[in-house]
Amino acid sequence: MSTISVPVSVPSPAEDCEQLRKAFQGWGTNEGSIISILAHRSGAQRRQIRDSYAQAYGEDLLKVLDKELTRDFEKAVLLWILDPPERDAVLANEALKKWSPNNRALIEIAMTRTADEMFAVRRAYRGRFKRSLEEDVAVHTNGDFRKLLVPLVSSYRYEGPEVNASLAKSEAKILHEKIEEKAYGHEEIIRILTTRSKEHLLATFNDYNNEFGHPINKDLKSDPKDDFLFALRAIVRCIICPERYLEKVIRLAINKMGTDECALTRVITTRAEVNMKHIKEIYYKRNSVRLDHALKKDTTGDYEDFLLALIGQDA
Amino acid sequence: MGQGLGGLGVDEEALVSALGKWRHQPEKRAQLRKSFAGFFTADGGFERFEDDYIHYLKIEFARFKNIMVLWAMHPWERDARWANDVLHKAHPFDIIVEIACTRSSEELLGARIAYHALFHRSLEEDVAYHVRENFSNLLVGLVSAYRYEGDSINEEMAKSEAKTLGTAIKSAGVRNLVENGEVIRILTTRSKPHLRVTFKYYREMYGKSIEEDLGDELCLQETVQCLDSPPKYFSKVMDETLKDGADKNTKDALTRVIVSRADVDMEEIKAAYHEQYGAQLEDVIAMKTLGNYRDALLSLVGQ
């Protein structure tokens with residue numbers, strides 16, 4: 001569920017634009033004003049504000065924000081203003097430009113969006129970067145990672161409830177067999193994890209547990225330093241419970257020496273209108289600390305205020 | 001009666017008039033059965049219809065029905081059904097390459113949407129599961145693509161990828177080419193305009209078209225042909241389907257190609273056919289097909 005709160009009587013886009021314009025004028029910028037407006041508007045409303053601003057002042061709001069804001073706050077606001085598909089496209093492109101085997105942003109995006117949402121991302125990617133998402137993924141990755149990530153971002157999984165129970169069982173056995181052989185990059189593992197539907201995979205993981213006495217991720221943990229295994233485990237966890245996976249991403253981002261603002265911004269801006277409420281609940285259960293308290297301790301200034309607003313905990 | 005058969009489809013009118021005129025004349029029909037010895041066998045006290053021939057008639061009579069049903073169908077559903085048939089009835093995989101490479105990005109997405117609705121699985125999961133040969137990764141990549149369709153091309157990249165392809169072809173010995181990661185990457189992810197420029201550079205660098213150099217690996221050769229020029233590819237398919245002695249699957253291509261391209265690039269296909277084979281496609285179709293089937297084909301091919 002969304003954690004964004006929109007005021008009951010919302011100012012018109014024109015009024016919002018006027019306030020934003022005021023916030024940019026004069027010495028410095030009134031960040032508080034920007035947050036109080038933008039963090040409390042829905043996607044449709046934000047789009048209207050962008051359009052109105054361009055009409056009223058002949059400037060792209062994004063460019064103005066780029067000029068006026070800085071660093072983590074700026075990045076979060078710019079991402080927040082974009083439509084979700086474009087946002088994900090920008091995040092995917094950023095992840096690819098500095099890709100390394102321990103970068104799991106692509107997996108996170110590909111595995112927590114619906115099949116149709118992923119296609120919207122691919123469409124937005126082509127429009128913005130004049131290349132397909134999969135061609136860039138292919139070029140920036142290699143070896144087993146390429147074999148895993150290209151199908152992962154290209155998949156269009158069936159999203160219905162139908163499952164072939166005996167097939168799920170047999171594929172649980174196949175997964176086990178390849179894992180035993182330590183053939184983690186084997187075609188069969190990749191085929192099953194990147195093409196099968198979510199329901200089918202849930203059944204498969206269940207069968208794996210029943211048949212072999214422990215969850216598949218236990219067997220995939222044989223080398224905790226192996227990035228490829230980490231990637232496979234991430235895929236499994238996203239199928240089983242995306243919110244729990246995302247909670248862990250946030251937790252690790254906060255607990256890291258210094259903070260991983262990149263991951264924090266990514267998860268919060270992309271999930272604030274989707275399932276942030278559920279993620280907050282999991283965070284509290286898991287850490288006995290509320291997410292807003294953790295963020296207050298770990299982040300500062302306008303960036304902190306913006307994130308708090310997005311997770312629905314501003315003053 | 002011989003006039004009513006012997007091509008693709010059947011001449012319904014001729015057959016009706018031929019057999020109809022023998023009402024109340026069973027001895028005339030018995031004579032017919034005796035004279036078509038290949039189709040009827042003497043068995044006990046009567047001439048039995050050969051099973052093979054009944055089967056043949058069933059197929060030929062159905063051509064008109066099939067083309068009508070397919071023509072009425074949404075293009076997405078057509079492609080999804082053809083792909084599913086290939087995977088479950090062991091038709092040749094070239095139909096998958098054809099669909100994946102000659103449809104636009106949105107049409108291919110449409111086929112995947114229809115596939116979900118019809119078969120409750122994704123197209124790529126079925127391709128990955130049912131295609132066990134070494135070109136499985138290539139096919140999965142081709143059906144999963146959502147290629148950029150704009151004109152923006154990086155010439156340097158195209159040149160360098162032409163070289164990558166050339167090196168792969170020269171060194172691999174065409175057998176393993178279809179599993180080569182770089183070959184798969186380039187052919188399954190790059191935009192079609194980019195690939196056409198890449199193929200052009202290939203010809204400049206190596207003196208031969210990449211199609212020729214891929215002669216032994218039919219799957220890759222067809223991929224390249226479909227991506228480079230669908231009209232040329234389809235005109236070749238037309239030539240094969242209209243030749244004498246074509247097998248069942250090849251004959252079925254006639255309906256499939258005409259129905260799927262009538263609204264897309266039929267004019268270009270006719271032009272390519274004329275250039276390659278020196279004949280008008282409509283004329284050859286008119287010669288080799290019969291009855292309502294022929295009429296349906298010709299109306300879709302256009303004058």
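Helices are DSSP runs of H or I with at least four residues, numbered from the N terminus. In this predicted model, Asp298(A) is found in helix H19 of chain A, which covers residues 291-298. The UniProt annotation "binding site", from an unreviewed entry, covers Asp298(A). Asp298(A) has a relative accessibility of 27% and therefore counts as partly exposed. Residues up to four places away in sequence aside, Asp298(A) touches Ile254(A) and Thr259(A).

| Pocket | Volume | Lining residues by class |
|---|---|---|
| Largest pocket | About 1,300 Å³ | 18 nonpolar, nine polar, 14 charged |
| Second largest pocket | About 690 Å³ | nine nonpolar, 15 polar, ten charged |

The largest pocket is lined by 41 residues, and Ile95(B), Asn249(B), Asp252(B), Ala253(B) and Arg256(B) lie nearest its centre. Several helices of chain B each supply at least two residues of this lining, including H4 (75-88), H5 (94-102) and H15 (248-261). H3(B) gives the most to the lining of the largest pocket, with eight residues.

The second largest pocket has a lining of 34 residues, of which Lys147(A), Pro151(A), Glu187(A), Asn137(B) and Ile184(B) lie nearest its centre. Helices H9 (133-140), H10 (143-154) and H12 (187-195) of chain A each supply at least two residues of the lining of the second largest pocket, as do H8 (136-144) and H10 (181-189) of chain B. Because domain 2 (84-154) and domain 3 (165-240) of chain A both give residues to the lining of the second largest pocket, this pocket lies between them.

Notes: Residues numbered from 1 in each chain as written. Chains lettered and ligands numbered in written order. Predicted model: local features only at pLDDT ≥ 70, side-chain atom pairs only at ≥ 80, totals over all residues. Heavy atoms only, no water. UniProt positions renumbered as here; feature names shortened; annotations may be inferred. Buried < 20%, exposed > 50% of the residue type's maximum accessible area, 1.4 Å probe, protein only. Contact = heavy atoms within 4.5 Å. 1 Å grid on protein atoms, 1.4 Å probe; cavity = no way out; pocket = protein on both sides within 12 Å on 5 of 7 lines; lining within 4 Å. Points joined across faces, edges and corners; volume = space filled by probe spheres on them. Nonpolar A, V, L, I, M, F, W, Y, C, P; charged D, E, K, R; others polar. Domains from an automatic or database assignment.
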